[in-house]
Amino acid sequence: MSRFLSDRYKDLEPYVPGEQPQDQQYVKLNTNESPFPPPPAAIAKASQAAERLQLYSDPDCRVLSEKLAEMLSAQCAGAGAAAEAPAFTRENVIITNGSDEVLNFAFMAYCSSEKPAVFPDITYGFYPVFADMNGVPYREIPLDEDLRIDPAGYIGAGGTIFIANPNAHTGIALSRDQIEEIIRGNPDDLVVVDEAYVDFGAETCLPLLEKYDNLLIIQTFSKSRSLAGARLGFGVASAEIIRDLNTIRNSTNPYNINAMTQAAGLGVLEEEEMIRRNCESVIANRRYTQERLNAMGFALTDSSANFIFMKHPQVDGGQIYEEMKRRGVLIRHFTKPRMAQYNRVTIGSREQMDVFLKVLGEVIEELK
Ligand code: PMP
């Protein structure tokens with residue numbers, strides 16, 4: 001730390017992202033990326049956009065946000081809310097540099113010393129960092145014994161609520177009705193639903209935007225849409241909330257989405273059918289992996305995400321992580337209490353999962 005650093009940041013403990021090793025080829029199952037490359041249309045559009053990089057990108061992401069609003073409206077109608085499906089327009093959408101950016105904007109806009117952030121004790125590790133970074137207090141509500149969120153614990157929570165659904169790192173999803181209970185139980189507070197992993201089997205809360213103005217939904221192109229490296233996320237909410245968030249965006253970095261990423265995002269939206277098939281394939285591989293892990297004696301949470309959260313009754317989670325890494329398979333280990341026995345494993349291709357299962361079998365035999 002230099003002697004110039006502001007007191008505000010002296011104690012800040014930054015978020016530690018999962019390893020992105022550049023030195024060795026790993027079977028990489030540690031950061032919940034898609035095993036599938038971006039659709040060809042996304043690659044073609046991004047490279048065309050590269051030819052005009054002398055110009056600034058569109059700060060309003062006009063074309064992308066219009067297409068996204070159309071796609072979300074269609075998704076909402078498909079989610080069984082046809083009669084009350086809100087027709088989203090670009091006024092309801094903010095596009096950001098990964099969903100991390102819109103999450104940070106939400107902490108900046110809607111949390112303060114009077115309005116603490118409220119989230120589960122086990123969830124996305126960036127939430128407490130965003131709170132600290134913005135100098136706002138936060139309250140963690142413990143997951144129950146089965147590592148589930150109990151919606152009853154969030155009624156009248158007295159702050160801005162952040163719920164990842166499915167939750168990180170358990171992958172367990174609440175139903176839309178359960179989230180609605182939380183939204184209804186906090187009419188004067190904003191509920192932020194982080195749907196980073198929603199496309200792998202959970203219910204989206206998009207249809208609830210028709211009924212509630214205290215809801216902000218966050219999604220990303222990083223997981224189901226194969227664009228983690230492009231950094232593209234978005235928030236969906238009332239036009240008023242989107243205006244708040246745009247005030248913050250325009251006061252920090254109006255050109256937050258580069259031209260290649262905007263183009264790649266458009267390409268992905270043209271290939272929704274391919275994305276849907278990719279998600280189905282991840283879901284099938286998740287089931288395949290879960291069955292084999294159960295047979296090996298692992299305890300698993302009921303994941304609706306593109307990862308599983310597993311622990312072995314006899315072998316230490318940290319040791320499993322280390323041994324797997326030594327053998328070229330990278331998974332994610334967290335040392336926080338209640339999580340230290342677990343490992344989180346991204347669901348990759350069938351071939352990747354077969355390598356993972358084979359190496360894991362050897363490691364368990366050796367360590368138990
Ligand atoms: N929310 C959750 C729950 C996540 O796990 C992640 C990925 N680390 C994000 C948001 C952020 O993803 P991105 O910034 O790539 O959109």
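Predicted model: local features only at pLDDT ≥ 70, side-chain atom pairs only at ≥ 80, totals over all residues.
1. The C-alpha centres of domain 1 and domain 2 lie 25 Å apart, and the contact between these domains takes 27 residues from domain 1 and 30 residues from domain 2.

2. As for the division itself, the protein chain is split into domain 1, which is made of the segments 18-37 and 273-363, and domain 2, which covers 40-270.

3. On the extent of the interface, domain 1 and domain 2 bury about 2100 Å² between them, and 60% of this area is on carbon and sulfur atoms. On the domain 1 side, the residues that lose the most area to domain 2 are I275, S304 and R338, which together account for 28% of what that side buries.

4. Turning to the polar side of the interface, the count of salt bridges between domain 1 and domain 2 is two, while 12 residue pairs are found in polar contact across the interface, with both residues of a pair at pLDDT 80 or more. R338, already listed among the residues of domain 1 that lose the most area to domain 2, forms a salt bridge with D121, in which the closest N and O atoms are 3.0 Å apart.

5. The largest cavity has a volume of about 40 Å³, and its lining draws at least three residues from each of domain 1 and domain 2. The residues that line the largest cavity are E33, S34, P35, F36, F200, K223, S224, N278, C279, V282, N306 and I347, and by class they divide into six nonpolar, four polar and two charged.

6. The second largest cavity contains about 30 Å³ of space and is lined by I149, A164, N165, N167, T170, I172, A173 and L174. In the lining of this second largest cavity there are five nonpolar residues and three polar ones, with no charged residue, whereas the lining of the largest cavity includes two charged residues.

Notes
Residues numbered from 1 in each chain as written. Heavy atoms only, no water. 1 Å grid on protein atoms, 1.4 Å probe; cavity = no way out; pocket = protein on both sides within 12 Å on 5 of 7 lines; lining within 4 Å. Points joined across faces, edges and corners; volume = space filled by probe spheres on them. Nonpolar A, V, L, I, M, F, W, Y, C, P; charged D, E, K, R; others polar. Domains from an automatic or database assignment. Contact = heavy atoms within 4.5 Å. Buried area = accessible area lost by both parts, 1.4 Å probe. Salt bridge = Lys/Arg side-chain N within 4 Å of Asp/Glu carboxyl O. Polar contact = N/O pair within 3.5 Å; in protein donor to acceptor, adjacent residues only side chain to side chain.
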